[in-house]
Amino acid sequence: MTTAPAAAPPYVPAGTTPSRIGRWKIVLFALVGLAIVVVVANVVVLIGRSGPAQPDCQPDQACLPQREPAALGQRWTSSELGFSFEYPPDWLQVVSQDGRSVHLQIPTNSFESELWVSGVPASEASVDQLVQQRRDALAQRVVGLQEDNDSPDRIVSPSLGYVHGVGGSYSGTLDSGSGPSAPATVAIIAAGDGKVNVVLSLLLAGNLDHSHIQNYRIGSSRLVLNTMRWR
Amino acid sequence: MRRRIAVRRRRRGLVCVLALAVIVASAPTAAAASGTARGSTSPRILGATPGDAPVEFDLVLDVPDEAELHAFVARVNDPKSPDYHRYLTPDEIGRRFGISDAALTRVESWVTSMGMHVVEGYPQRTSLRVAGTAATVNRAFHVQLIDRMDPATHERYHAPRGDAAVPRALAGAVDAIAGLDTRPLDHLAPRVAPRAGLSSCQSDPQCYSPERLARTFDFAGIHADGMQGQGETVAVIMDGKVSDQDIDQWATSAGLANVEPVKRITVGGGPDADEANSAESIAEGTMDVETVLAVAPKAQVLYYFAPLDAFGDAVDAVVQDKAANVVTYSAGACDEARLSNPDARSARTRDARAVEKAAGVGVNVLVSSGDSGAYTCSRSNPDDWRVTGTSPSDFPYTLSVGGTFVERRPDGTYVDEAAWEWPFANAGTGGGLNPVDDRPAWQRGPGVDNASSNGKRQFPDVAAPADPLSGWYIVVNGKPSEAGGTSASSPFWAGLLALYDEMAKRAGMQGIGLVAPTLYAVAAAAEPDTVFHDVVRGGNLFYEATPGWDYATGLGTPIGSKLGAAIVEYLKAHPGAPTT
């Protein structure tokens with residue numbers, strides 16, 4: 001970083017003194033200037049004090065974080081859209097990614113897993129459309145995929161990065177290519193900040209009971225959900 | 001009046017740990033332990049309870065002028081009242097608001113005449129714990145106790161066929177009978193696993209060591225000023241066996257020296273062996289003790305070892321002993337479910353009165369707000385998604401403690417915070433509206449009157465970290481773990497109140513008294529985010545965190561030294577009478 005040299009003070013010839021009126025004007029200007037500075041400073045302080053009522057925290061609007069998060073895991077950022085989140089590297093590994101989406105999975109041979117996070121500009125697709133698109137995509141791999149509102153794993157209050165959205169819990173049977181292979185549960189949530197809409201889906205397939213499903217859902221997704229930043 | 005007769009309880013009662021919350025960050029390879037949520041299927045009838053089976057229950061004593069009790073507790077905590085902070089002694093509370101000596105003698109004589117005996121009673125005259133056999137109970141109340149089994153949990157319990165009515169001989173002295181139906185409304189379902197590689201909190205930058213905790217919530221300065229809970233006593237009510245070895249190992253690895261050994265007081269016959277030795281109960285009790293000490297390392301912890309269905313008795317025991325003015329309890333149940341069951345409703349009445357009388361004596365009863373978001377009933381019935389209260393956290397005179405997720409830097413300094421909710425697991429901080437009890441007069445301030453307000457008690461009052469991701473360092477069964485849930489939030493605040501009590505005493509007062517009214521007054525008078533972190537993100541799966549008070553985090557989380565200073569200043573400005 002370089003700095004410009006400080007400007008030299010204006011030259012005042014020795015012996016030239018301002019007149020009385022000039023001196024009075026200087027005092028007046030100084031007082032006016034001081035008053036302006038005081039008013040501006042007060043305005044700045046008042047604006048600063050009203051921080052908690054910033055536009056992001058208005059009623060019926062999403063209240064988004066103001067500060068940079070403290071790193072709890074590995075951060076993934078969408079290079080095209082700017083949204084980001086952290087994931088636990090001891091729970092999840094990145095399988096593939098592009099500028100808008102990332103596919104992660106739990107590194108285990110005991111069951112199949114897929115955590116998919118993908119975003120679009122809000123003008124391209126609504127959150128409802130994103131859920132439908134993910135559901136359609138997963139239906140290619142999960143036979144008989146249907147919403148499961150009776151499940152104890154149902155999602156009663158979908159939200160992503162503390163922004164309320166839409167979503168649901170689904171079940172079916174994973175198609176291994178040679179036929180249905182294992183029971184599958186799917187959770188899909190989509191939400192947006194008005195500019196970007198993001199969808200997250202989590203597929204778990206295998207002989208997992210309710211408690212395992214809960215455990216893996218929590219372990220793999222809580223950091224993602226907690227640390228989502230929209231830009 | 002207090003008598004101790006070692007009669008062991010056979011069953012865990014109606015109120016069980018809901019907010020238990022040792023939920024540990026476990027890697028995929030770690031065992032996914034868990035409880036299975038109990039369904040709403042009908043119980044299996046096993047047959048009549050054998051006549052010689054021991055049975056314990058409570059006779060809930062009448063409060064001749066309950067309106068006057070409410071009025072007194074309101075006055076004694078109202079700084080504008082001449083009675084402000086003129087707390088009564090437990091005996092005075094009992095004599096002024098309880099049944100007469102003659103009525104008490106009449107009840108005791110009746111119990112004896114029925115072949116039963118009083119196990120325990122307290123000077124506050126809230127209830128009498130009575131022991132007998134199934135045969136004597138059947139005869140006394142004209143019921144038949146039936147043994148049953150919960151089909152999901154296989155827990156055995158007994159319940160009367162029909163509702164037990166108060167005998168005519170006890171009219172005017174006994175309000176209700178509680179504890180004959182011992183079916184748990186809820187049960188423990190934590191995920192407990194040691195965190196791999198966590199040998200010492202100091203070595204893990206994300207671990208919430210006492211030192212980092214103090215930095216995050218700005219009470220390191222209080223510690224540095226020499227106030228770490230010296231001379232303060234905090235009571236923990238819980239049902240699990242707590243090991244001194246765990247406490248010592250935790251203290252050593254957390255960098256704390258000379259922690260006072262925990263003193264144990266058994267309430268009644270204490271929990272039965274199954275309850276006391278369950279992994280969940282041990283973890284809960286251990287976490288509660290360690291969390292109090294993390295905040296107030298020089299405080300004396302009294303561990304009131306009590307079955308979960310004896311919460312009211314345990315509160316009475318603490319108040320009778322006058323050994324602590326801060327009590328923490330991390331359990332609860334769906335309030336609506338308690339109200340819909342006659343026996344549970346009676347127990348709820350007993351518990352609420354015990355807490356109200358504690359408020360009249362100046363004892364703070366802190367209770368976690370639950371871990372199922374606004375849907376506490378779903379914990380025991382997966383088909384019940386009503387937005388409900390959490391009992392006893394939603395009682396008018398508790399200090400109800402909710403939970404948050406905190407983002408902090410590796411050195412512990414605070415970054416940001418959100419109300420704790422996990423949409424994928426339907427878990428999160430409890431909070432909402434008490435279904436029947438009115439809001440106390442002191443619950444007011446920005447955010448309190450809102451679109452959901454209906455005049456009933458709103459909870460929680462305050463919050464603290466609960467998400468295990470920003471959770472607590474504990475040692476259970478010799479294993480360092482990271483834990484969370486609102487179960488941890490309540491003992492955190494209990495430790496903090498011990499520090500504030502010490503600050504008040506150092507400032508020449510005799511203590512903080514019942515602190516809830518002071519917290520609301522201080523919060524209302526302060527600029528936002530100067531004494532509380534106002535949590536405005538997240539929610540509890542139903543209510544959102546909003547500026548000012550909200551149903552997810554109450555007033556927010558503490559900015560420790562500033563809140564303490566504000567409390568002391570407030571008390572100086574409203575001196576009242578010395579607190580007991």
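How many Å separate the centres of domain 1 of chain B and domain 2 of chain B, taken over C-alpha atoms? The distance is 27 Å. The model is predicted, with local features needing pLDDT of at least 70 and side-chain atom pairs counting only at pLDDT 80 or more, while totals for chains, interfaces and linings use all residues. Residues are numbered from 1 along each chain as its sequence is written, and chains are lettered from A and ligands numbered from 1 in the order in which they are written.

Domain 1 of chain B covers 46-178 and domain 2 covers 201-573; such bounds come from an automatic or database domain assignment. Across the boundary, 29 residues of domain 1 of chain B are in contact with 29 residues of domain 2 of chain B, contact being C-beta atoms, placed from the backbone, within 7 Å. On the domain 1 side, the elements giving two or more residues include strand E2 (54-61), helix H2 (90-97) and strand E7 (174-178) of chain B. H1(B) gives the most to this side, with five residues. The residues of the domain 1 side divide into 17 nonpolar, six polar and six charged. Here Ala, Val, Leu, Ile, Met, Phe, Trp, Tyr, Cys and Pro count as nonpolar, Asp, Glu, Lys and Arg as charged, and the others, Gly among them, as polar.

Chain B as a whole has 15 helices and 25 strands. These are DSSP runs numbered from the N terminus, helices being H or I of at least four residues and strands E of at least two. Of the 580 residues in chain B, 63% are buried. A buried residue has 20 or more other C-beta atoms within 10 Å of its own, an exposed one 12 or fewer, and a partly exposed one a number in between, with C-beta atoms placed from the backbone. Among contacts in chain B between residues at least 6 apart in sequence, 81% join residues at least 24 apart.

Some loops have backbone features to inspect. The peptide bond from B:Ser391 to B:Pro392 is cis, with omega near 10 degrees, and B:Pro392 is in the loop between strands E14 (390-391) and E15 (398-408) of chain B. Another cis bond joins B:Phe459 and B:Pro460, with omega about 10 degrees.

B:His142 is not a glycine, yet has a positive phi of about 55 degrees. B:His142 counts as exposed because it has 11 C-beta neighbours inside 10 Å. B:Asp218, also not a glycine, has a positive phi of about 55 degrees. B:Asp218 has 18 C-beta neighbours inside 10 Å and therefore counts as partly exposed.

How values were computed. Two residues are in contact if their C-beta atoms, placed from the backbone, lie within 7 Å.
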